[in-house]
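Please open the model in your viewer and keep the selection tool at hand, as this tour moves from one site to the next.

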Amino acid sequence: MRFLTDLKLPSKVIVCEVAPRDGFQAEKQWIPTEHKVAIIKKLAATGIQIIEITSFVHPKAIPQLKDAEEVVRQSLELTGVKFRALVPNVRGAQRAIDAGIKKIKLMLSASDSHSLSNANCLTREAMDGFAPIIDLAEKHSVEISGSISVAFGCPFEGEIPIDRLNSIIKRYIQYGIKEISLADSTGMANPRQVYNTVGELRNNFPDVIFTMHLHNTRGMAIANAFAAMQQSIIQFDSSITGLGGCPYAPGATGNVATEDLVHAFSEMGIETGINLETLINVAKEVKQIIGHDGGSFILKAGPRSQLHVAPKSQQKLG
Ligand code: ZN
């Protein structure tokens, strides 16, 4: 369809799949390692270019991810896809590097309350704790990205002042980190807020590459992604079937479903490099393996392109 006037949208975006970390960590029932690896391989086959494969968190903190090394070892042979793993501390970074990970992601919370319940330390202390991890990663030529949880609202404190985000990003930059994920971990963002906040951050830090990590807790994730695109953001995290949650944020549900987000992009003519049909089939398989989905719309309704036969009753009588 062609229009006389049109929205300003990117021609291409990058979608990073986070279910193997953000999704699986929220699952109570043990997912066997071979199932995790099988899902990762299927995801890679859809054309997804980046997968957040696991977290090297202490096995006692999140037992579901205690097989992080094994998952990485069995997935590294895949070509055409980049893997990154979340690391919460130096011990985790060492484990990730030993397993062959080439990119790590650091994580902290924008608010002290969320930081205390998530990492048992203040935001400032979490930031200080990054120094030895970064030293280790640099020594092994491992790439590093940063992330800010609850960047658009904290379930305990509410609003996050923009100055707080500014100072966290400044410290990331001092550490030499230029890729930062802004996480709406409990789905508190709205499109206007995303537009304004991201606009201001892009203006303050023009050299930083921002990724949006949007949970769909209140059904606003795609609208928020759309608002972020209006500020030239082209990197998005999502989770197959919408799996996920936040173990430290009461009531939070998963990330926006990858098939929902890719479907929305595809309908708007925005390239993702991902085959939607294959992706939807993988989503169906993941739902079977895990035993449920995370609120995916496309799994329920099917893609828009899938038209239905008009019911006979519509034909005029006589
Ligand atoms: Zn998340």
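A residue is called buried when its relative accessible area is under 20%, exposed when over 50%, and partly exposed in between, with a 1.4 Å probe and protein chains only. The model is a predicted one, in which local features need pLDDT of at least 70 and side-chain atom pairs count only at pLDDT 80 or more, while totals for chains, interfaces and linings use all residues. Residues are numbered from 1 along each chain as its sequence is written, and side-chain values use heavy atoms, with hydrogens and water left out.

Select Tyr172, which at 0% relative accessibility counts as buried, and then Phe130, which is buried as well, at 3%. Three aromatic pairs occur in the structure, where rings of Phe, Tyr and Trp (its six-membered ring) pair if their centres lie within 6.5 Å, and planes under 30 degrees apart count as stacked, over 60 as edge-to-face and the rest as tilted. The ring centres of Phe130 and Tyr172 are 5.8 Å apart with planes at 20°, so this pair is stacked.

Next, select the zinc ion, which is coordinated at 2.0 to 2.2 Å by Asp22 (OD), His213 (NE2) and His215 (NE2); donors are N, O and S atoms within 2.8 Å of the metal (3.2 Å for Na, K and Ca), and water is not among the atoms, so sites may look incomplete. His213 and His215 are both buried.

Finally, select Trp30 together with Lys66, which lies over the face of Trp30 at 5.0 Å from the ring centre.

Methods
Lys NZ or Arg CZ within 6 Å of the ring centre and 35° of its normal.
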